[in-house]
Amino acid sequence: MRLIFIGPPGVGKGTQAKLVKEYFGIVHLSTGDILREEISQVSPLGIKAKSYIDKGHLVPDNELLNIMSKRLNKEDAKKGYLLDGYPRTIPQAEGLDNFLDKMNHNINAVVSIELDDESIIKRLSSRRSCEGCGNITNLLFNPPKIEGTCDNCNGRLLQRSDDGKKVIIERLVVYNKQTAPLLKYYYKKELIMRIDGSGNIDNVLQLILKALRELCCV
Ligand SMILES: [Zn+2]
């Protein structure tokens, strides 16, 4: 099974990706992890990618595709994979499609986990991290026993600067602008599976599994 996961920040995409990966025994591939791996191996592709990142640039689409294709060709990806954070744009999606065509592969579904902006802002601005142990907690879902204090180490719970409301709104604007055309692209290919992300972790997982069962491949 080959899946693409799409979702705004704060929707729990990473958590769901991990659970779905375990359920089906496929690999979870995130662009960030793959880039870091390639760079740490000091491979020719990694060296190139690092030169862009060090200058504060994005890794160009063709380089990124080379890195992704190399990873998708590895043995452990043969059973299937779940792409998280890639593709992000239409040109990246087209590049991926070309690669898949050559391999005689196809994507089974694009899982789009959806939640309204207001709920996302509420969720993200309720996140606190401990200055002592780095533990992340959410005042909505798992509030600490003592207000403002970490359950693990009694450290102080603080809001990270990128969880401030203004920063969250900026991230959502970028996300919506970038992702809307991508959703349209996959919608035309009849691959989009829209998942309501408003429930708890298990509710959302069950929705994803049910949709995948109905769609195809389970
Ligand atoms: Zn702590």
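View 1. Lys210 is partly exposed, with a relative accessible area of 47%, whereas Glu214 is exposed at 60% (buried means under 20% relative accessible area, exposed over 50%, partly exposed in between, with a 1.4 Å probe and protein chains only). The two residues form a salt bridge whose closest N and O atoms are 3.5 Å apart, the term denoting a side-chain nitrogen of Lys or Arg within 4 Å of a carboxyl oxygen of Asp or Glu. This is a predicted model, in which local features need pLDDT of at least 70 and side-chain atom pairs count only at pLDDT 80 or more, while totals for chains, interfaces and linings use all residues. Residues are numbered from 1 along each chain as its sequence is written, and side-chain values use heavy atoms, with hydrogens and water left out.

View 2. Cys130, Cys133, Cys150 and Cys153 coordinate the zinc ion through their SG atoms at 2.3 to 2.4 Å (donors are N, O and S atoms within 2.8 Å of the metal, or 3.2 Å for Na, K and Ca). The arrangement is tetrahedral because the four donor atoms subtend angles of 98 to 116°, the criterion for four donors being that all angles lie between 85 and 135 degrees. Both Cys130 and Cys150 are buried.

**View 3. The salt bridge of Asp97 and Lys189.** The side chains of Asp97 and Lys189 meet at 3.3 Å, N to O. Asp97 lies in helix H5 and Lys189 in the loop between H7 and strand E8 (192–196), so the pair ties together parts that are 92 residues apart in sequence (helices, H or I of at least four residues, and strands, E of at least two, are DSSP runs numbered from the N terminus).

Key
Four donors count as tetrahedral if all angles lie between 85 and 135 degrees; four count as square planar and six as octahedral if opposite donors are over 155 degrees apart and all others between 65 and 115; anything else is irregular.
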